[in-house]
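Biologist: Please walk me through this structure slowly, and start with a term I will need.

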Amino acid sequence: MKKLITICLLSTILSCQKKEVVALNQFVKDEHSFSKPNDAVAKHLDLDINVDFETQTISGKATWTIDNTSKGNEIIFDENTLNITKITLGDDEKETKFSFGTEVEFHGKPLHIQIEPSTTKVNIYYSTTKDAVALQWLKPEQTADKKKPFLFAQGETIWSRTWIPCQDSPGIRYTYNAKVTVPKDLMAVMSATNPQRKNTTGIYYFKQDKAIPSYLMAIAVGDLGFKSIDKRTGVYAEQSVLEKAAFEFSELGKMVYAAEKLFGPYRWGRYDVLVLPPSFPYGGMENPNLTFLTPGIIAGDRSLTSILAHELGHSWSGNLVTNATWNDVWLNEGFTTYVEHRIGEAIFGVKEAKMQAVLSRKLLYDNIADYGPNNPATQLKVNVDGKNADDCLSDIPYEKGYAFLQTVENTVGREKFDLFITDYFNSHAFQSITTEDFLKYFNEKLIKGDKTLAAKIKAEEWIYKPGIPSNITKVVSEDFNAIDEIQKTWRQIGVKGLSAKIKSTNEKQHFIDYLPKDITEKEITAIDAEFSFTQSGNFVIKRQWFIIAIRQQYKPAYEAIEQFMTATSRTGSLQTLYKEMVKTPEGKTWAKSIFEKAKSGYHMTTVQDLQTTVN
């Protein structure tokens, strides 16, 4: 859809069940944004910017078309570390007054702009600063090709305000056009329609005619090439990575078709992916039209493409139907993890899906154990008001959300649940909703007053209470059961020949995850000799093996561990390893040493997340 859609939203709650209805066409209050969209709201952005690698700044003009609903004299935007030089109103660029409110940690400052009751356009002239959390400026030596510099933006959760003055709430959606000027030997891409080759001017034009929230505003600039996979999918990457990426993602077109068959039409036009340099802080980011991916997904055997299925799934759950606040993030990530597993089953088969489900469940139980079963952070609807919004992005909304939806499917049957979830996506398309909106729809369309069914599902217990409800669906993998049998005997008969029986990434991960806690150095050495885990080219296998190596102080892996931890910026994976290191005094010293050497190559959000652990 081409317009911002507002819907009947309900007030957010944490643990109580009382629901307060908000008037039609009003926005829910988002504590992570200073904006007041019920008074004046941004609806369309025309962006004209210059990307300067010499000064490492983006500068230009953000022209916002607004709806001054209240006919008042002020509109408020979010900004964080920006340099605002001038603001004008309308096409005739009448200069106006502006001021800043009190700065709040992580959130930046409110930008108060004087407008008139009839104002429909606000022009903000600005530039970014070195403190822009969203922007990662890379020197040539930090890229794959090591020839040209690179820039990318990561806006989730509330970091888009560090490179564009905006109303930075997931509940506020807008369309945009952009003119981006970059060095002539580089190419720009965005979360919009994109060029497929460099031009000679260094000027690129973009259009996103679907209303998106600000955290999905994305840009990347580098020495990029493009390779088509089918008529609506393709891969962007640096030249040395392009062919490998195209091979790894050769199933991309099939994934889109499989998702459409399950959940309805893909509504964004093209679906392309961009492989970023290693400093990208996540496995992937679901920017519309152009998913950003870590290079760690390229294993050479297409064994890690579940990340790709997850980001594709966001084209329905997240980008199409978005959480209205960061307290509701499970609506994005839980639904998307469910969709990811369904796409994986359709493409790779039931056996693969069962293994993935068991791995997912282990991750959920491990996270519950880390937090504690009564910790409010293990609820699906969380409360990160007043905190860094990134605190909502634990594994809980992903894995507990997925387990909840699995349980619903198991209770009502797949056929009925598929109809429900497809209708849910269609009826809320291009809208941002709260958990309470979802529950209202869920009760009206699926429960339909059936108290017995409601009692079986326990939706409100899943959403508003910590821990794991007793009705969680059991998951089993026969392939993993066979590996569990191997675990019972290998210590007696040795490990020679096991690599011929434990072959896939999933199987190897399961084997590593359940190695005995009292494993000896001699046994670790024998397993490493049989499987070559320390020298593996597979990101996931390395990460899981290095947990064991750190825990058991397997020194032959130390050099590889340091190389691994300095070559990636994937926050979750690094956090896992650093947490294991700091459990001993020697390990904490080692962790600090690695962190100091590596942090200049980490994304700023990764540094923020790891500092507490390491120090």
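Modeller: Strands here are DSSP runs of E with at least two residues, and they are numbered from the N terminus, as the helices are. Please keep in mind throughout that this is a predicted model.

Biologist: Switching to helices, at what angle do H12 and H14 pack?

Modeller: Helix H12 (residues 505-513) packs with H14 at an angle of about 10°, and their axes are 10 Å apart. Angles under 35 degrees count as roughly parallel, and H12 and H14 are therefore roughly parallel to each other.

Biologist: Which residues of H12 and H14 meet there?

Modeller: From H12 there are Thr505, Lys508, Gln509, Ile512 and Asp513, and these meet Val540, Ile541, Gln544, Trp545 and Ile548 of H14. By class, the residues of this contact between H12 and H14 are 5 nonpolar, 3 polar and 2 charged.

Biologist: What about H4 and H7, at what angle do they cross?

Modeller: The axes of helix H4 (residues 330-348) and helix H7 (residues 414-427) cross at roughly 130° and come within 13 Å of each other, which means that H4 is oblique to H7. The crossing in which H4 passes H7 is left-handed. On the H4 side the contact includes Leu331, Phe335 and Tyr338, while Phe417, Asp418 and Ile421 are among the residues that H7 brings to it. The contact of H4 with H7 has 8 nonpolar and 4 charged residues, with no polar ones.

Biologist: Last topic, what is the volume of the second largest pocket, and how many residues line it?

Modeller: The second largest pocket has a volume of about 800 Å³, and its lining is made of 36 residues, with Pro278, Pro295, Gly296, Ala567 and Thr568 lying nearest the centre. That lining has 14 nonpolar, 16 polar and 6 charged residues.

Biologist: Which helix gives the largest share of that lining?

Modeller: H15 does, with 5 residues. Helix H1 (239-248), helix H14 (539-551), helix H15 (558-567) and helix H17 (585-598) each supply at least two residues of the lining.

Terms used:
Residues numbered from 1 in each chain as written. Predicted model: local features only at pLDDT ≥ 70, side-chain atom pairs only at ≥ 80, totals over all residues. Heavy atoms only, no water. 1 Å grid on protein atoms, 1.4 Å probe; cavity = no way out; pocket = protein on both sides within 12 Å on 5 of 7 lines; lining within 4 Å. Points joined across faces, edges and corners; volume = space filled by probe spheres on them. Helix = DSSP H or I, 4+ residues; strand = E, 2+ residues; numbered from the N terminus. Nonpolar A, V, L, I, M, F, W, Y, C, P; charged D, E, K, R; others polar. Axes fitted to C-alpha atoms, helices over the stretch in contact; angles between N-to-C directions. Parallel < 35°, antiparallel > 145°, perpendicular 65-115°, else oblique. Left-handed = near helix turned anticlockwise from the far one by under 90°. Contact = heavy atoms within 4.5 Å.
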